[in-house]
Amino acid sequence: MDNVGIVVDDLDAAVAFFVELGMVQEMKAQIEGLWADRTVGLDGIRSDIAMMRTPDGDGRLELVKYHAPATVGAEPENPPPNTLGLHRVMFTVDDIVDTVGRLRAHGAELLGEVARYEDSHLLCYLRGPDGIIVALAEQLG
């Protein structure tokens, strides 16, 4: 897999959120032209993208802000975790409580609570910018 694409309304806020999570911005670019229209299957594409990389270099997110055509909202606006389609993106963190606290400063809200799975992990789901569901996992011991 090369990357996972996520459409956002506020690209700068999404980049700041994922940087706070530990990702590194690899590049930022404007995307438009006939090649983009043909690839995506939309006419008149004009967008900005930011490619984010995990610190280990093994994972990437492509954050996309469409200027044209206008973005289409999902229904319901903030779908629950059991909605069909892309479910969530999970990240391993060293300190889940600290990470949740730092992400709250970027508008993140816990969907439930930080929960313990047996003696192996602390886990949680939170909603980030533009309703993106992010899961966090801290390995115990």
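Biologist: Which residues are linked in a network of salt bridges?

Modeller: Side chains of opposite charge can pair when their charged atoms come close. A salt bridge here is a side-chain nitrogen of Lys or Arg within 4 Å of a carboxyl oxygen of Asp or Glu. Asp2, Glu26, Arg53 and Arg60 are linked in such a network. This is a predicted model, in which local features need pLDDT of at least 70 and side-chain atom pairs count only at pLDDT 80 or more, while totals for chains, interfaces and linings use all residues. Residues are numbered from 1 along each chain as its sequence is written, and side-chain values use heavy atoms, with hydrogens and water left out.

Biologist: How many salt bridges does the rule give?

Modeller: The count is eight. In one of them, Glu26 pairs with Arg53, with 3.3 Å between the closest N and O atoms. Glu26 belongs to strand E2 (residues 24–32) and Arg53 to strand E3 (residues 46–53), so this pair links distant parts of the chain, 27 residues apart. Helices (H or I, at least four residues) and strands (E, at least two) are DSSP runs, numbered from the N terminus.

Biologist: Which parts does the pair of Lys65 and Asp9 tie together?

Modeller: The closest N and O atoms of Lys65 and Asp9 are 3.2 Å apart. Lys65 lies in strand E4 (residues 60–68), and Asp9 in the loop between strand E1 (4–7) and helix H1 (11–20), so the bridge joins parts 56 residues apart in sequence.

Biologist: Is Lys65 buried or exposed?

Modeller: Relative accessible area decides: buried is under 20%, exposed over 50%, and partly exposed in between (1.4 Å probe, protein chains only). Lys65, at 17%, is buried, whereas Asp9, at 47%, is partly exposed.

Biologist: Where do Arg102 and Asp98 lie?

Modeller: Both are in helix H3 (residues 96–104), four residues apart, about one turn of the helix. Arg102 is partly exposed at 29%, as is Asp98 at 39%.

Biologist: Which residues lie nearest the centre of the largest pocket?

Modeller: On a 1 Å grid over the protein atoms alone, a pocket is an open set of points where a 1.4 Å probe fits, with protein on both sides within 12 Å along at least five of seven lines; lining residues have an atom within 4 Å of a point. Val7, Ala74, Asp130, Gly131 and Ile132 lie nearest the centre of the largest pocket, among 27 lining residues. E1 gives the most to this lining, with three residues.
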